Amino acid sequence: MAQAQTSFDPMRIVDNGGDAQDKALSRQVVCFRVGAESYGVDIRLVREIRAWSPTTNLPNTPDYVRGVINIRGSIVPILDVRARFGQGQTEANKAHVVIVVAIGARLVGLLVDAVSDIVAVNESEVKAVPDVSGAAAHECLEGIVTINEQMVALVAAERIALPVALN
Amino acid sequence: MDEIAQLRQTYFQECDEVLSEFEAHLMALDEGRGNAETLRAAFRAIHSIKGGASAFGYRRLVNFAHALETLLDKLRNGSATLTADTISLLLRAADIVADLVRAAQSGGELIEKHEGAVLDALVLRADAGALAVAPDAAPTVASVNLTPAPAGKYHYRIAFNPRSDLFQRGIEPQLMIAELRQTGSLAVTADAGAVPTIEAFDPKRNYLSWAFELETATPSETVAETLSFVADDDELAILNLDRAVGNGVPQNPATEATKATEDSNGDTAAGSARPSADIAPRPLAGSGDDALGIAPVVSSIRVDLHKLDTLVNLVGELVISQAMLNEQLSLVPTDKFPGLIRGVQELSQHARNLQESVMSMRAQPVKLVFARLPRLVREVAAETGKRIRLLMIGEDTEIDKTVIEHLHDPLTHMIRNAIDHGIETPEERATMGKPPEGLIRVSASHIGGKIVIQLADDGRGINRQKVLARAIEKGIVTRDQQLNDEQIDNLIFAPGLSTATTVSNISGRGVGMDIVRRNIQRLGGRITIRSTPGIESIFYLSLPLTLAVLDGMVVRVGGETYVVPLSNMVETLRPQPGQVRTLVGGGDVLSLRGEYVPMVYLHRKFAVSQANTDISKALVMLVETDASMRIGLVVDEIVGQQQVVIKSLESNYDAIHGIGGATILGNGRVALIVDVSMLLTGGISPDSPLVSNAA
């Protein structure tokens with residue numbers, strides 16, 4: 001995880017993406033873990049990956065809104081992905097990671113357990129999310145891919161942050 | 001943004017300014033403060049709008065502005081008379097111009113007949129101008145000599161030595177000559193001496209210069225204006241031959257390039273071929289008489305507001321970093337690093353100065369809002385049949401631009417209210433022994449780091465019995481509540497309260513004053529009213545100098561830190577046993593000097609864990625909401641007083657009830673700013689049963 005953090009360089013990744021032959025059909029995905037599950041988020045939305053730092057609580061907000069932090073002068077809300085998926089709040093410490101994504105004009109931080117990898121995903125490999133009704137995460141996913149024989153659920157960042165993105 | 005779009009944007013910005021100047025000139029004329037120069041300035045204003053409009057191809061605007069300009073021209077040279085009627089017509093025309101400008105700006109299209117009636121009236125008035133005889137009753141502005149120059153011919157020698165890029169600038173000298181020819185008899189001599197041989201000839205370059213001899217009835221400045229659209233002033237020299245031979249025709253020379261220094265009253269009317277420069281505000285004061293109190297022109301540049309805001313934000317960051325540095329420095333032993341400490345102290349001084357300078361860049365004189373008031377007063381007075389004199393004081397007081405922008409609506413509302421409700425009809429006033437003309441006084445001043453705007457009328461004041469009865473009827477207060485006069489007066493800001501017996505066009509729907517209050521609160525300001533029945537009512541508006549920083553009290557509740565705006569604070573106290581009573585229904589009140597103040601426990605309101613729940617150890621901050629309502633805000637501890645930079649929570653999240661914004665403290669952590677006025681209204685659970693009655 002720590003390596004993933006330090007070696008992450010969006011410029012380098014984006015450059016590689018530009019060299020890919022079928023750029024239209026493939027995209028770069030930042031993979032992260034919450035518990036035992038692997039998820040991925042489109043790299044084009046990712047602005048920054050940083051270690052967890054204590055937040056300032058926002059009163060009277062849902063449990064997955066962990067509060068706000070100061071990112072270079074901007075007040076950025078942090079959403080707990082685990083809590084968003086209905087699995088209880090993350091006991092966050094310095095080992096946890098915040099992925100800052102841009103949703104429209106807004107910046108939102110996603111609290112996850114770790115960032116594992118950045119992979120290219122072919123659009124044709126993306127499978128529809130099976131309709132497991134009742135699964136809390138279901139509404140936030142846009143597809144599922146298998147990478148190295150491991151299932152990675154692609155999250156739709158704007159849907160994770162739906163309550164924020166709505167406005 | 002491409003260049004044309006940028007020019008266009010500049011043009012529209014300037015249209016706004018020019019139009020408000022235009023209205024100010026008309027109002028000055030209306031009040032008899034104007035003179036011939038005022039009228040000329042009004043003409044120039046419309047002329048600039050027309051010029052830009054024609055450059056950008058806004059046909060409708062050009063046509064209308066042209067009709068308006070024609071009438072103004074007739075007024076200016078004395079072939080039409082300025083009556084009160086004409087001024088009304090001109091004011092209406094100004095509105096139409098504003099509509100057309102807006103339509104052009106938004107790309108929308110107004111309905112076809114929008115300007116029809118006013119356009120016809122303008123043309124009619126201009127045509128009839130010479131014949132119009134001002135009726136005795138109509139107040140003419142006859143005392144003003146509108147014809148500065150005796151009728152007759154002027155002789156000019158105009159030297160036009162354009163630079164070689166004349167064609168690149170899109171200028172066709174032939175059109176210019178044609179236009180000059182329309183003004184009188186013209187003799188043209190072209191100097192082709194600079195034309196090179198055919199080998200060296202570049203068809204894109206201009207090699208010619210011209211000399212014109214013009215005999216015309218038009219004063220020199222009009223000639224200069226005609227030319228200003230095509231030529232930069234360094235290319236043009238206008239010599240008045242009449243003066244040269246010493247017959248003493250008064251003139252307002254425009255661009256005597258060689259004589260510019262001689263004429264201290266010179267009106268630099270000539271602009272350049274670029275429309276943006278052409279319509280830039282010009283010096284309006286003529287021959288030393290500054291009728292409108294318009295200050296001499298200071299050289300300035302236009303900066304995109306976004307850029308300025310970015311600068312303000314950056315300086316905000318700097319101030320926060322500075323605070324962090326200071327906090328760290330307090331850990332360093334003073335004697336070990338004297339240089340470091342001195343350096344940081346200097347840095348902090350510079351940062352503060354920088355911040356002040358940047359903030360002052362956003363400041364603008366309240367004149368920008370005040371300038372629209374005379375017209376408003378005039379209209380409302382006419383609608384209500386009342387006679388009003390408006391007195392404005394401190395128009396040069398500067399406030400943050402955003403505050404200025406949001407000040408117009410509340411002020412409009414308050415003035416309408418003052419005229420409609422406050423000031424009596426001339427007959428009523430006569431029976432009360434007051435002068436028939438009501439007085440409205442609007443003043444702005446800096447008081448203790450705030451801007452205070454007072455709006456006073458010498459009308460009938462607030463009818464307290466009526467207000468109280470109405471408030472009880474509407475359930476805003478209960479019958480047994482003891483209110484002093486001031487509290488009753490301020491009930492007019494409560495939603496749903498209007499004491500006007502009839503709902504008029506102007507006011508009386510009971511939505512006015514609470515919206516005024518809300519608007520002022522949104523700007524971080526406060527509004528109160530003080531009234532003396534039968535004598536006067538005075539609104540006091542206090543507004544922050546800037547919206548970017550706030551003086552706050554940093555408080556701790558459990559593990560959280562909040563900032564309470566200092567402007568809301570009255571006092572802090574540790575409640576004595578027995579001072580806090582619980583009412584039936586669960587809410588607590590604080591008994592304070594015979595009053596009962598509802599208490600809000602911040603840790604309950606904001607669901608903070610690990611907060612102190614023992615009231616005997618808690619600290620109560622007595623705060624005042626914008627509704628002049630007092631609340632005892634219960635916190636754990638006061639950390640200190642600090643100036644904080646206000647950050648928007650809404651840029652990345654949504655508004656949270658009871659939170660007015662956020663700031664970054666010296667340790668880099670975010671602290672939320674409490675919106676005291678919202679604590680009692682709505683929210684999750686009201687802490688006090690008084691809420692519904694008292695808010």
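Visitor: Which residue stands opposite B:Val623 in E19(B)?
Guide: B:Val623 stands opposite B:Ile631 in E19(B), and the two strands involved, E18(B) and strand E19 (residues 630-635) of chain B, pair in the antiparallel sense over 6 bridges. Strands here are DSSP runs of E with at least two residues, helices are runs of H or I with at least four, and both are numbered from the N terminus; two strands count as paired if DSSP finds at least two bridges between them.

Visitor: Before I go on, what sort of model is this, and how are things numbered?
Guide: This is a predicted model, in which local features need pLDDT of at least 70 and side-chain atom pairs count only at pLDDT 80 or more, while totals for chains, interfaces and linings use all residues. Residues are numbered from 1 along each chain as its sequence is written, and chains are lettered from A and ligands numbered from 1 in the order in which they are written.

Visitor: Back to E18(B): over how many bridges does it pair with strand E14 of chain B?
Guide: Strand E14 (residues 569-573) and strand E18 (residues 619-624) of chain B are joined by 4 bridges in the antiparallel sense, and within that pairing B:Leu573 stands opposite B:Val620.

Visitor: What about chain B as a whole, how many helices and strands?
Guide: Chain B has 21 helices and 22 strands. Of its 695 residues, 38% are buried, where buried is defined as 20 or more other C-beta atoms within 10 Å of the residue's own, exposed as 12 or fewer, and partly exposed as anything in between, with C-beta atoms placed from the backbone. Among the contacts in chain B with a separation of 6 or more, 69% join residues 24 or more positions apart, a contact being two residues whose C-beta atoms, placed from the backbone, lie within 7 Å.

Visitor: Helices next: at what angle do H1 and H4 of chain B cross?
Guide: The axes of helix H1 (residues 3-30) and helix H4 (residues 84-106) of chain B cross at roughly 175° and come within 10 Å. The axes are lines fitted to C-alpha atoms, for helices over the stretch in contact, and the angles run from 0 to 180 degrees between N-to-C directions.

Visitor: How does that classify, parallel or antiparallel?
Guide: H1(B) and H4(B) are roughly antiparallel to each other, since angles over 145 degrees count as roughly antiparallel, under 35 as roughly parallel, 65 to 115 as roughly perpendicular and the rest as oblique.

Visitor: Which residues meet there?
Guide: On the H1(B) side they include B:Phe12, B:Leu19 and B:Phe22, and on the H4(B) side they include B:Ile87, B:Leu91 and B:Val101. By class, this contact has 14 nonpolar, 1 polar and 2 charged residues, with Ala, Val, Leu, Ile, Met, Phe, Trp, Tyr, Cys and Pro counted as nonpolar, Asp, Glu, Lys and Arg as charged, and the others, Gly among them, as polar.

Visitor: And H10(B), what does its buried side pack against?
Guide: The buried residues of H10(B) pack against helix H11 (338-361), strand E20 (637-645) and strand E21 (659-664) of chain B; among those buried are B:Val312, B:Gly316 and B:Ile320.

Visitor: Switching to chain A, what order do the strands take in the sheet that has E3 in it?
Guide: That open sheet of 5 strands runs E3-E6-E7-E5-E4 in chain A, with mixed pairing. Its edge strands are E3 and E4, each pairing on one side only, and neighbouring strands are turned by 30° against each other on average, direction ignored. E4(A) and E5(A) run antiparallel and are joined by 6 bridges, with A:Gly67 having A:Ile78 as its bridge partner in E5(A).

Visitor: How many residues does each chain give to the contact between A and B?
Guide: Chain A gives 18 residues and chain B gives 21. On the chain A side, the largest share, 4 residues, comes from E5(A), and the residues there divide into 10 nonpolar, 7 polar and 1 charged.

Visitor: Last one: where does A:Asn60 sit?
Guide: A:Asn60 lies in the loop between strand E3 (46-51) and strand E4 (65-71) of chain A, and has a positive phi of about 55° although it is not a glycine. A:Asn60 is partly exposed, with 15 other C-beta atoms within 10 Å.
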